[in-house]
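Here is a short briefing on one protein model with a ligand. Look over the sequence and the structure, then read the points below.

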Amino acid sequence: MTGVIEVRDLVVRYSGATALDGIDLTVHENEMVALIGANGAGKSTLVKVLSGLLRPESGTITVAGRLSQVPEGREMFPDLSVDDNLRLGGWRNGRKGRDTTAIYDLLPDLAPIRARKAGALSGGQQQMVAIGRALMARPDVLVVDELSLGLAPLVVAALVDHLRFLHTERGLAVLLIEQNARLALDLCRRAYVLEAGRIALHGPARELSRDPRVTAAYLGGH
Ligand code: ATP
């Protein structure tokens, strides 16, 4: 079976230091996959290569269809309205002016705040806008970088519900890149564990969440 994202034998070095060392990773159509790893494991480097910001030294990345990103830190334009921020998601993908109505149908919480400035929103609301903006490109696969960062558990739970809905109802494939291993393993069916630039473990999330190496290092021993 081919994947929407296929990464093969990917190597990335920063002036000699190896950040990613032979990464193989696949996200299949309509699949939700997690990539977990500690600080400095190489998650951000992988995101940069996936989005074309960084050239790998060797290896290949194949994306079938359109890939859209929800970036770490959300990267809003704070002085622009929610609606204008959404439109910029279309613009970045050559679809300037695309109607935002579909996004409010998918993410109804955004409708009542559409005229507010993004800079005045809560972190959770901004993350929702970032998801909506990524959806403007009508992606086949969404790369979500640190969904939960800096957000309260209840807010994260609401965002997770939306992602799950987009996945199950719309068939969106998702690569969830997360420091919060518990969240990622609960949400996704399959997961990869990145350690010091290598895939240390991968498999069904349910099995990984019971693996003593994962519980000790990423789940606080539980
Ligand atoms: P974090 O969650 O802290 O962002 P990460 O898993 O995303 O961590 P990366 O930022 O991808 O990890 O870093 C992987 C390795 O590459 C680290 O050892 C880091 O120090 C190194 N690195 C990252 N960016 C650069 C750079 N621009 N120049 C040199 N080394 C870098």
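## The main sheet

Six strands form an open sheet in the order β5-β6-β7-β3-β8-β9, and the pairing is mixed. The model is predicted. The edges belong to β5 (67–70) and β9 (198–204); each has a single partner strand, so one side of each is left without a neighbour in the sheet. On average, neighbouring strands of this sheet are turned by 15° against each other, with direction ignored.

**Inside the sheet**

- Strands β3 (residues 32–37) and β7 (residues 173–178) run parallel.
- Five bridges join β3 to β7.

**The hairpin**

- Strand β1 (residues 3–14) pairs with strand β2 (residues 17–28).
- The pairing of β1 and β2 is antiparallel and spans nine bridges.
- Arg13 has Thr18 as its bridge partner in β2.
- Two residues lie between the strands of this hairpin.
- In the hairpin, Ser15 takes a positive phi near 30°.

**Around the ligand**

- Which residues surround the ligand? They are Tyr14, Ala19, Ala38, Asn39, Gly40, Ala41, Gly42, Lys43, Ser44, Thr45 and Gln179.
- By type, the residues of this shell divide into four nonpolar, six polar and one charged.
- Helix α1 (residues 43–50) gives the largest share of the shell, with three residues.

**Polar atoms and cover at the ligand**

- How far is a polar side-chain atom of Thr45 from an oxygen atom of the ligand? The distance is 2.5 Å.
- Ser44 places a backbone N or O atom 2.6 Å from an oxygen atom of the ligand.
- Gly40 has a polar backbone atom 2.6 Å from an oxygen atom of the ligand.
- Taken alone, the ligand exposes 630 Å². The protein buries 57% of that.

Conventions. Residues are numbered from 1 along each chain as its sequence is written. This is a predicted model: local features need pLDDT of at least 70, side-chain atom pairs count only at pLDDT 80 or more; totals for chains, interfaces and linings use all residues. Side-chain values use heavy atoms; hydrogens and water are left out. A residue is near a molecule or strand if one of its heavy atoms lies within 4 Å of it. A polar contact is a pair of N or O atoms within 3.5 Å; within protein, one must be able to donate a hydrogen and the other to accept it, and residues adjacent in sequence count only if both atoms are side-chain atoms. Accessible areas come from the Shrake-Rupley method with a 1.4 Å probe; for residues, only the protein chains shown count as cover. Helices (H or I, at least four residues) and strands (E, at least two) are DSSP runs, numbered from the N terminus. Ala, Val, Leu, Ile, Met, Phe, Trp, Tyr, Cys and Pro count as nonpolar, Asp, Glu, Lys and Arg as charged, and the others, Gly among them, as polar. Two strands pair if DSSP finds at least two bridges between them. Axes are lines fitted to C-alpha atoms, for helices over the stretch in contact, and angles run from 0 to 180 degrees between N-to-C directions.
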